[in-house]
Amino acid sequence: MKKLRTQVGIVGAGPAGLMLSHLLHLEGIESIVIEAQSRSHIEGRVRAGVLEQGTVDLMRSTGLGERMDRESLRHRGVYLSFDGNRHHLDFRELTGKCITVYAQHEVIKDLVRARLEADGQILFDAKHLSVANFESAPVIRYQQDGETYEVACDFIGGCDGFHGVCRPSIPEGVLNVFERTYPFAWLGILAEAAPSSEELVYTYTDRGFALFSMRSPSVTRLYLQCSPNEDIRNWSDDRIWKELLQRLTTKDGWAPNVGPVLQKGITDMRSFVVEPMQHGRLFLAGDAAHIVPPTGAKGMNLAIADVTVLSRAISNFYRNGSEDLLAAYSSTCLRRLWKVQRFSWWMTAMLHHWETQNEFDHRRQLAELDYVTSSRAAMTSLAENYVGLPLE
Ligand code: FAD
Ligand code: PHB
């Protein structure tokens, strides 16, 4: 077995793991990121697309902003659409903050490049990974090219997503799980079509939710609510477009531009939290610790928020020998996380068609949307959550 040593061993090269490694490096702390997939796989994986103002500020202040500033799309707000009419919420005017459309895999590419340019270690294609001894002297074991490796470290960053191995390695009885599943999923497409709206359109209809988003001046990203066990093979491109146009077209004639479908897939919806987000010297961050339904566009931003808190705590340990921030990591993250869970759940509940809903619920949802688009107090509440709550 080949033995390696580092200060922080990080499992997973998603936004959480790579940003943690980047932030630690800026504090002079060494880390190794160990990833099951290849570099091209993680750099091509289409996922989230909306960055909160805080994520954008962090990218800029840590030297990752150059390409983002050139290629991303800055949005003042979003539209909420119901009863065939679009209503604009101007986040900039309501909160002074904006949102930025920049695909998650572009963030990944920027992070990978920054780490490699700084001689950081990202080990790709690592198989059969396991973590152990995190109550005393943590180690990460894995196989690569037929060799077995063991990385000894002071701390483990468990950044390996919802299906990773870090969370399940914590002994039974330590974690409390809080979970909610939803009776629907999202069918998402990327289409080669110029976005016909400058900003996102979240749409409630009695046929179900639909979302108009984008990736670039020539690529539109669209989602429609579907059943959770839907088979993508039953959805021809024509059927998808027909359904999207039916849901999204408004009375003033606005509709998305139609174009070739570049990619399509189905995403499950769930809310999930484990408490605490730490056991011994293993710290869970991002999807490894929590999942939100995508309606609030929060998944990647939460992952970045967690590792911002974690990197400060680890840095405080090495600089001052203090474990105080490490001990507070879980409660600091969870306090903000639960508010983000609430927001993501609320947006989901307000905008989706529920199987069990009757005409009363339909009217109530329309009234809520009417309230949220007409009361300045309600608009401001949505806006301040959407652009991102402050970190403690
Ligand atoms: P991840 O990005 O999942 O990264 C974890 C990494 O760990 C991965 O690279 C994985 O390969 C690696 N890994 C896993 N197991 C191991 C192991 N055993 N050994 C080594 N490495 C391992 N959010 C939105 O806001 N909007 C969206 O439209 C949206 N769409 C999504 C679509 C999908 C299919 C998924 C899965 C998520 C989506 N999300 C979306 C959520 C958002 O992308 C995540 O919240 C975000 O990726 C979390 O980042 P992370 O770093 O915590 O985890
Ligand atoms: C996206 O562009 O992929 C996107 C935007 C907003 C969301 C979810 C996904 O709420």
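Predicted model: local features only at pLDDT ≥ 70, side-chain atom pairs only at ≥ 80, totals over all residues.
Let's begin with ligand 1. Find it in the structure and look at what sits around it: 31 residues surround this ligand, and the closest are Glu35, Arg45, Gln104, Tyr223 and Asp287. Now pick out some of the polar contacts. The side chain of Arg45 has an N or O atom 2.7 Å from an oxygen atom of ligand 1. Gln104 brings a polar side-chain atom to 2.7 Å from an oxygen atom of the ligand, and a polar side-chain atom of Asp287 also lies 2.7 Å from an oxygen atom of ligand 1. How much of ligand 1 does the protein bury? On its own the ligand exposes 980 Å², and the protein buries 82% of that.

What kinds of residues make up this shell? They split into 16 nonpolar, nine polar and six charged. If you'd rather think in terms of helices, look for α1 (15–26) and α9 (299–320), which each supply at least two residues of the shell. Of the elements, α9 gives the most, with three residues.

Next, move over to ligand 2. There are 14 residues around this one, and Tyr202, Ser213, Arg215, Tyr223 and Pro294 come nearest.

The side chain of Tyr223 has an N or O atom 2.6 Å from an oxygen atom of ligand 2. Ser213 has a polar side-chain atom 2.6 Å from an oxygen atom of ligand 2. With Thr295 it's the backbone that takes part: one of its N or O atoms lies 3.4 Å from a ligand oxygen.

Strands matter for the picture here: β16 (210–216) and β17 (219–226) are the elements that give two or more residues to the shell around ligand 2. The largest share, three residues, comes from β16. Sorted by type, the shell has eight nonpolar, three polar and three charged residues.

Finally, follow the chain to helix α10, which runs over residues 324–351 and has 28 residues. From its first C-alpha to its last, α10 reaches 41 Å, close to the 40 Å expected at 1.5 Å a residue. Where does α10 bend? Look at Ser330, where the helix bends by about 35°.

Definitions and conventions. Residues numbered from 1 in each chain as written. Chains lettered and ligands numbered in written order. Heavy atoms only, no water. Near = heavy atom within 4 Å. Polar contact = N/O pair within 3.5 Å; in protein donor to acceptor, adjacent residues only side chain to side chain. Helix = DSSP H or I, 4+ residues; strand = E, 2+ residues; numbered from the N terminus. Nonpolar A, V, L, I, M, F, W, Y, C, P; charged D, E, K, R; others polar. Expected span 1.5 Å × (residues − 1). Bend = angle between axes of the 7 residues up to and from the residue. Areas by Shrake-Rupley, 256 points an atom, 1.4 Å probe, with all protein chains shown as cover.
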